[in-house]
Protein chains: 2
Amino acid sequence: MPGSAVVAAETVGRVSLYRVLLSGLQQAGIKGVFSHQLSTSAGVSAAQVRRDIITLGYSGSPQHGYDVAELIESIDNFLDAPDGQNVALVGVGNLGRAVASYFAGRRPKLRLVALFDIDPEKSGRVICGVRCYPQEKITEVVRSERVSIVILGVPAPAAQAVADACVAGGARGILNFAPVALRVPPGVYVENLDMARSLEKVAYFARKAGG
Amino acid sequence: MPGSAVVAAETVGRVSLYRVLLSGLQQAGIKGVFSHQLSTSAGVSAAQVRRDIITLGYSGSPQHGYDVAELIESIDNFLDAPDGQNVALVGVGNLGRAVASYFAGRRPKLRLVALFDIDPEKSGRVICGVRCYPQEKITEVVRSERVSIVILGVPAPAAQAVADACVAGGARGILNFAPVALRVPPGVYVENLDMARSLEKVAYFARKAGG
């Protein structure tokens, strides 16, 4: 039973990428795929792809190729909660809107159920089909809406207090766009996604390459 | 001379984060900082902070704290090209706009000089103060505008062709938001930033933690 084993974050990331690639194949009408084809698109070795697929508990044969639809179903069972998970987004700026619009219909198992913003012009409104609340309501609404995942799109100085309020309401996962290391209790998972930091890495290495 | 040594991507990422944190301190009127203070905010050890600061070539004394303004200047010299670098953005959707608006005045050494979009409604216009070109012009404009860094905000199936066109024009760094592994020639640096993948990681571990 793969769900009971300890799985590394990197494995989950790769499996998520395979699903995107497999969905693309399925949309193109392709029914079978070999590990080496997935490995090229995913940028990992074919052996890695086969190991990851074993982790999923998928029993298809690598010799004759994997069935695309069956493999997608195995990944769905591995990644998705049967009843789905509720998501909240704190900070409805440009980035927050980009993230919110990403959800529209695309991820049935991840439901965006609440937005929060410090701006009273935004809270009280419905944005991208989702109600926006004032930030003081975070703990209360995270609890009442059974939010397990929070996307933090707030500025760095506000991030820790917002994270604390989310965790107090019962959130167990945070996707953090703020350039700051959050302190959270054990059992809460934080993934940092710092666009400025990534861009500066690219700029640095582009400069070194360019001479 | 730190610029001549091989520096790991992780080091560059941390140094970029220190600059954000130091700028926050400077705005708050704080003039001196100890490594342990930076380490708490950055989520790394104080020894790591001190090693990174040595990599910068900064000669301040860790015993008496670092001078915030001097340390920022050292990081500027380390991270930024003296004459700045030109950036282009391909794909002007919600995410692209979020990235473009991030640039507005905030990063004087990284100049957003061109946008590209496949939609003829967008190309030809000026968006967030920057001209948008049709995607067929990528190689030509990347070359003429001396773009070294490209931000890819296009869908996965289009990403490789767009990356090829950018590299052909002389781009040497790519920040890739598309969920696909790009193939690029040696000397071109790619940093992947896959929001969906990060979110699925959070969802997975939030579920495991939540039971």
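Trainee: Hi! At roughly how many degrees do the axes of helix 1 and helix 3 of chain B cross?

Mentor: Roughly 95 degrees, and the axes of helix 1 (residues 9–27) and helix 3 (residues 46–55) of chain B come within 10 Å. Axes are lines fitted to C-alpha atoms, for helices over the stretch in contact, with angles from 0 to 180 degrees between N-to-C directions. Helices are DSSP runs (H or I, at least four residues), numbered from the N terminus. So helix 1 of chain B is roughly perpendicular to helix 3 of chain B (65 to 115 degrees counts as that).

Mentor: Before we go on, this is a predicted model, where local features need pLDDT of at least 70, side-chain atom pairs count only at pLDDT 80 or more, and totals for chains, interfaces and linings use all residues. Residues are numbered from 1 along each chain as its sequence is written, chains are lettered from A in the order in which they are written, and side-chain values use heavy atoms, leaving out hydrogens and water.

Trainee: New topic! What rotation superposes chain B on chain A?

Mentor: A rotation of 180 degrees, with 0.0 Å of shift along its axis and an RMSD of 0.0 Å. The two copies are thus related as by a two-fold rotation axis. Superposing is by least squares on the C-alpha atoms of residues with pLDDT of at least 70 in both copies.

Notes: Helix = DSSP H or I, 4+ residues; strand = E, 2+ residues; numbered from the N terminus. Parallel < 35°, antiparallel > 145°, perpendicular 65-115°, else oblique.
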